[in-house]
Amino acid sequence: MKIGVVTFPGSLDDRDAQRAARLAGAEAVPLWHGDADLHGVDAVVLPGGFSYGDYLRCGAIARFAPVMATIVDAANGGMPVLGICNGFQVLCESHLLPGALTRNQHLHFVHRDQPLRIASTRTAWTNAYDDGQVITVPVKNGEGCYVADDKTLDMLEAENRVVAYYVGNPNGSQRDIAGITNERGNVVGIMPHPEHAVEDLTGPGTDGLGFFTSVLKALV
Amino acid sequence: MIDTVKNAGATPDEPQPYADLGLQDDEYAKIKAILGRRPTQSELAMYSIMWSEHCSYKSSKVHLRQFGQIPKGDRMLVGMGENAGVVDVGEGLAVTFKVESHNHPSYVEPYQGAATGIGGIVRDILTMGARPILVMDPLRFGDADHPDTKRVFPGVIAGIGGYGNCLGLPNVGGEVVFDPSYQGNPLVNALCLGVMPTDRIQLSAARGVGNVVVLLGAKTGRDGIGGVSVLASATFEEDGPANRPAVQVGDPFEEKLLIESCLELFDAKLVEGIQDLGGAGLTCALTETSAAGKSGMRAYLDRVPLREASMEPHEVLASESQERMLAIVTPENLPKVLAIAEKWGVLATAIGEVVEGDRLEILWNGETVVDVPPGSLADDGPVYERPTQRPADLDALQAKELPPYPEATKELLLAMVAGPNLCSRRWVTEQYDRIVLGNTVLAAPEDAGVVRLSEETGLGVALATDGNGRYTRLDPYAGAQLALAEAYRNVAATGAVPIAVTDCLNFGSPEDPEVMWQFAEATRGLADACTFLQTPVTGGNVSFYNSTAGTPINPTPVVGVLGLLDDVARRTPMGFRAEGDVLLLLGDTKDELGGSEWAWSQHRHLGGRPPQVDLAREKALAAVLVTAARDGLLSSAHDLSDGGLAQGLVEAALKNGVGARVALPAGLSPFVQLFSESAGRAVVTVPPSEEERFAELCAAQGLPCTRLGTTGGDALEVQDVLTVGLDALRVAHESTLPALFGPLAGASAALPAGPALPA
């Protein structure tokens, strides 16, 4: 099973996403923003970082990268796509997911170990968890405040498309939303970093590994 | 009109503004003697920059030579003199690390000053051929409740975070100290460490006639002109900062691309020599590469891509625009170099070539504006043996009696751990990405940052920085040694073997004989201690002129110690972990409260003598901590320093929310035992089953080991003295900085308990 990890100029957690994919048992394939070819991967991760510097809205330029056109098509065809942090922002800018990520309410970058309550286990990236399970993964961002209009928020909750809620909101996200999915459940965007909770030695534990084992199960 | 060499020859008596550029009369005369004529405007700019205190080390050189006498050991691959020292860590890997100051820019413009401080030190590490993998920041500010600290402190923290986070470098430690001595002159030091295969080391020498000089990275603008010659080499006057244009503006995204493109160039072996552009910009890069290669060089300055077309040659040479590197490449490799730069979207321009002879010639639209021997700029700058004089007030200061000792009470403990210098640094560290790259094993508030180098073998490094301006004010020789001893101890506490040192020496004006005496004493102390501990100095930085309106800062040598772990899985964390572990104090506690945090925070008292230095004891303590970690005897280890045993116990208890029951031994009063800052000490916990083996290990090293009690419960209890619940301690410890500088996270985020522990 091959999981592609896109590197945009300014991607920072790309190697970490590759490591997480490997630890879950997949083959990690580096993908380049300027190359529209997905090189036969079965799933794609858009990693954290500051694509193209993110001096405009986060993810606003990455959305136009050649690789993104292919990924949007593949996602619409059902390929599992996970956007972490900056990747979540790119997915929103690409209209694969609704809403937007804005500046944290307190205006600071914040990094801490963050408890999350898993709210949807029907997605390609969360089927290894139990509904309501509380996991701890790091959150680290300056623009992670999830916003959408009330209609969209109601719809996400009604359709069980909120993937995870913050337990203790770190950035002012509406309704404590940490991650969401599309209708089909193959595209997931999550602000905290599951790829940084895959080894006891370097993270707050291994709670994040489930995202990567989930997709391997989904692809079988 | 552009001042050319021809014009300079024709107008020998034209008055030049050398004094405004910071050059002395005799220095200007020496330049004329070297050139046999008056310098051109561009040459004058170059000499003023290269002969500035910041670039030439003219006042410190005679003292820094002592560091060269310290035995190198067998690990040092590149020593002082290059951009950063390189240390062999085995398994075919080498690391390079260095700490630098960006003090004055950070006072003028806190965010950009601190941000570009990170950018600059990262390029120093990159230029050695290494991938930067971590940063740390030792910081000093004025009083925490001073109004201007509200401007400087949050700006500096945001700048460090803004730049480092965007570069994808974990910030794994550092220090924050508040003291009025830094009110008009904060210290913003930045440390970076990088790793590389030993065969990828790059040097700066430009060699090979016909090789091409390529400028990589950002366009050159008018920002930062005068940064090193004016800002870093003179003191602030009373009316405060006015040199805002002399501060550079950073673009971390550009730097990230520069890092990736340079590493790709190194791996493809396309670079003959490389030099970063930092303070002194192109001036420094062109002269250092040609001087190091003993080569001639010709540069066409009009080819440098500019942000502003109206820039004149001396401005292009003096600009400190960030995110630039200078590479020397063969003509055959040039197309490949340009292609890799283009892949990363990095601007690359051939601006010159290595030529026969030994002159650096710089042309501007076909006319020669600079024609100098590069060595005269880089190596032949003035060297001063500045007069030194023991401070007139030192005897009185050392004789000053301490306030009467109080009882050790719960109230005193809570007040101490809530003080700005001892309170939790969460407000700071939560603004830093501490885990990007996925190799951070320990980060602040742990004793040292520990980062994995190899996923296969677990090889890793530990790094700590320390410094205590109060101790150094009271006794510069001992103060510098105590800074080294503390960083050494912090590294050993994680289980790492300390192997090398970098230092950032922050002092007042070298023209003040009393400051120069402090500097001479501190360097002598540091060199002696490094020799004894067998930790050679690999490089560092001197920052003079840290004074405001004639009053110097407390002399503050900041020392960074590098340690090595064969397997990071064996590292020792600082926090108590399990119920029922045995709590032990290693080392001796004496009545040593001179210069202490208690005297300062409770009485604004600075006087007496700092704690005694016992380097043999430090060595024995480190040997025990390292061996015990390797043998898996320890549950936790935490060094004791500022705030003494009380602070150490509180930090270790709060880390994971595990309390302790302590019975202090007979002898010294509970107050002294809890708050004395005697060096050479640590608190450790061991499972009861390992107590005997651990005691034998201490006995073998002659290290005193005192049983203090056991871990467990949700309070810190010191029998017959005080009992405080961990919740109360946590509120006291964590509320101070948010109360002063605003809450970090939304109101809904309550103070969490310590993280759950893996089973």
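Residues are numbered from 1 along each chain as its sequence is written, and chains are lettered from A, with ligands numbered from 1, in the order in which they are written. Because the model is predicted, local features need pLDDT of at least 70 and side-chain atom pairs count only at pLDDT 80 or more, whereas totals for chains, interfaces and linings use all residues.

The domain assignment of chain B, whose bounds come from an automatic or database source, gives domain 1 (1-69 + 202-382) and domain 2 (573-740). The C-alpha centres of these two domains of chain B lie 50 Å apart.

A nonpolar core is a set of buried Ala, Val, Leu, Ile, Met, Phe, Trp, Tyr and Cys residues joined through C-beta atoms within 7 Å. A residue is buried if 20 or more other C-beta atoms lie within 10 Å of its own, exposed if 12 or fewer, and partly exposed in between, with C-beta atoms placed from the backbone. The largest nonpolar core holds 244 residues, of which B:Met50, B:Ala327, B:Leu484, B:Leu625, B:Leu649 and B:Ala653 touch the most other members. Helix H19 (residues 476-493) of chain B contributes the most to this core, with 11 residues; helices (H or I, at least four residues) and strands (E, at least two) are DSSP runs numbered from the N terminus. Domain 1 and domain 2 of chain B both give residues to this core, so it lies between them. A second, separate core of 67 residues includes A:Cys58, A:Leu82, A:Leu101 and A:Leu116.

Helix H19(B) packs against helix H22 (residues 615-630) of chain B at an angle of about 15°, with the axes 8 Å apart. Axes are lines fitted to C-alpha atoms, for helices over the stretch in contact, and angles run from 0 to 180 degrees between N-to-C directions. Angles under 35 degrees count as roughly parallel, over 145 as roughly antiparallel, 65 to 115 as roughly perpendicular and the rest as oblique; H19(B) and H22(B) are therefore roughly parallel to each other. Residues that meet across this pair include B:Ala492 and B:Ala493 in H19(B) and B:Leu625 in H22(B). Contact requires C-beta atoms, placed from the backbone, to lie within 7 Å. Helix H7 (residues 110-126) and helix H10 (residues 252-267) of chain B pack at an angle of about 5°, with their axes 11 Å apart, and are therefore also roughly parallel to each other.

Most residues other than glycine have a negative phi, and most peptide bonds are trans. The peptide bond from B:Ala444 to B:Pro445, however, is cis, with omega near 10°. B:Pro445 lies in the loop between strand S14 (440-442) and strand S15 (449-452) of chain B. A:Asn160 has a positive phi near 55° and is partly exposed, with 15 other C-beta atoms within 10 Å. B:Arg604 likewise has a positive phi, of about 50°, and is exposed, with 9 other C-beta atoms within 10 Å.

Methods. Two residues are in contact if their C-beta atoms, placed from the backbone, lie within 7 Å.
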